[in-house]
Amino acid sequence: PNIVNVYNSNLSWPVLYDSKAALYRCWPDVTSTATATSVKAIVDEFVKLSKLQSFIYELEVQVTYSWRAILVCFGTGVLLSIITVWGLQKAAGFFVYLFLTLLFGILVGLGVGCWMYAIHLTDSENLYEDYILPLKICGIVFCVLALIYLLLIFFLWRRIRIAIAVLKVAARVMTSTPTVVLVPFVTIILSLLVTAYCMVQGAFLLSSAEIQVSDLEIVNPVTKEKYTLSVTAITDDQFTVKDLSLWYTLFGWLWSAGMTNAIGFMCVSFVTTMFYFSDPGEKKSTPCCAVLRAFWWCLRYHLGTLAFGSFVIAVLRLVRIICAYIQSKLSKATDNNAAHFAGTCVQCCLKCVQRVVEYISQNAYVICCIQSSSFCASARIGANLLLDNLVDIGAANFIADAVFSFIKVYIALGNCIIAWAVLNYTSLNNGLPSHSIVIAIIGIMTFLIACLYMHVYDAVQDTIIMCYCWDKQYNNGANKPYYFTQEMSDVLERYNVKANYQVPHGDSSAPSPSRQG
């Protein structure tokens, strides 16, 4: 048996557990009665000391009596997400205009509220006269920000309309290929497998050491006889091959995890480009088994592109980790504030570079899906498109992120209301006086479901906006027809962008929006 001291603040107690040998290592024997008893005792003691006993008991009771309602609300959360994505085909403009109006109302309300409160403090005799001027200044600042915000909306109205059209097309992709939502599950499973392998490899490396056997002479103080004993000792130098192997394992994990994420994004991008370039008009659709085709094309034709892009990002992340490691060592060795500030600035700069490279790599994957070019060529084309359409892409991404955040909260709160009604007014009522913990669990679960849908929606939206920019840049509307939807063409035509419509050969009913400068 082994004894380990577990500490909590100033308290400590021994934990007795059995072990057994496997794979040249000593592992805790989880099947042993002594181990199970000791672990249960330490968990009970921790719960008692952390004052979580009543909460855990209440959690257990509510989940035990309400598990059917939790399953029902899981289904309603998925259904709400599907209905919301489907409704965005028609109501994307409503969500965008609602968010823009709410943001303008918040700015105006804060400005007027600060000014009115300052007037209230002026009229009443109290001890807060020093706050009157700052409140008036804040009111003026918020009102000025509201005016600037209103002017930005006026000047960026075409970009807002384009962003709404992009959101609608992205919703059509999601509804025409609902299996694209399963892509994150595949990438999560692959990431977990890679993480588990690297953790096991790291554990084996950390538990490995060089064993030295030496002779030790012992003299009996009474009889003066000498004895020779063989003594084993474990040596661990400051920096050995083991440390290099640990850093190698860390880099392998960063590279592999980044590559799985890149595969998932490129798969979604392939499905989106299949939809966008399937027809020059409104009759867009994805082929059968689009997700499986996308995975096959990623692994068959573009594995090197994904490997190179994720390699660059993994190198940047490793550099950041090394800098953080050096910074932590310097912080322990000295209390030099200047060194700490310099390390923080380096970390900030490296983080900015990493974010820029990640965004360029993401655009490169989209261009690679469109024209099957190499990573460097795709990155160059994506960067040029980004610079040429900086305002359009920035407005579309800002509006999309705001709408996605709004939708996540809306779905979570809506399902919490459904859960409250189910637990109180249906046959699933368990008779408990309170359902707060169950409703909180359902809210968190629904928020995660909405995050999953919006994560895929965000990837589709990013791909659509790059397809739109590529389409506008490299097609001419004549021998190379535009693939804009009707709404995109109407927006471009209305805002002084010349457009004419040509009927593609073989289909007299499908209009093809095109542009001639």
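## Notes on the loops, packing and pocket of a predicted model

1. Let's start with Cys289, which sits in the loop between α6 and α7. Helices here are DSSP runs of H or I with at least four residues, strands are runs of E with at least two, and numbering goes from the N terminus. Cys289 is not a glycine, yet its phi is positive, at about 55°. Its relative accessible area is 44%, so Cys289 counts as partly exposed (buried is under 20%, exposed over 50%, partly exposed in between, with a 1.4 Å probe and protein chains only).

2. Before going on, a word about the model: it is predicted, with local features needing pLDDT of at least 70 and side-chain atom pairs counting only at pLDDT 80 or more, while totals for chains, interfaces and linings use all residues. Residues are numbered from 1 along each chain as its sequence is written, and side-chain values use heavy atoms, leaving out hydrogens and water.

3. Ser372 is another one to look at: this residue, other than glycine, has a positive phi near 55°. You will find Ser372 in the loop between α9 and α10 (375–388).

4. Thr286 belongs to the loop between α6 and α7 (290–301). Thr286 counts as buried because its relative accessibility is 16%. Its side chain makes a polar contact of 2.7 Å with the side chain of Thr177 (N or O atoms within 3.5 Å, one able to donate a hydrogen and the other to accept it; residues adjacent in sequence count only if both atoms are side-chain atoms). Setting aside residues up to four places away in sequence, Thr286 touches Ser176, Thr177, Val271 and Phe275 (contact means heavy atoms within 4.5 Å).

5. Pro184 is part of helix α5, and it counts as buried because its relative accessible area is 8%. The C-alpha atoms of Pro184 and Leu452 are 7.6 Å apart, although 268 residues separate the two in sequence.

6. Leaving out neighbours within four places, Leu59 is in contact with Ile437 and Ile441. Leu59 is partly exposed, since its relative accessible area is 27%.

7. The largest pocket has a volume of about 950 Å³. It is lined by 29 residues, of which Asn261, Ala262, Phe265, Gln362 and His455 are the closest to its centre. Elements giving two or more residues to the lining include α5 (183–206), α6 (241–276) and α12 (436–474). (On a 1 Å grid over the protein atoms alone, a pocket is an open set of points where a 1.4 Å probe fits, with protein on both sides within 12 Å along at least five of seven lines; lining residues have an atom within 4 Å of a point.)

8. Finally, the whole chain: its secondary structure comes to 13 helices and 8 strands. Of its 517 residues, 38% count as buried. Of the contacts between residues at least 6 apart in sequence, 69% join residues at least 24 apart. The chain exposes about 30000 Å², with carbon and sulfur atoms supplying 68% of that area (Shrake-Rupley method, 1.4 Å probe).

Note on methods
Points joined across faces, edges and corners; volume = space filled by probe spheres on them.
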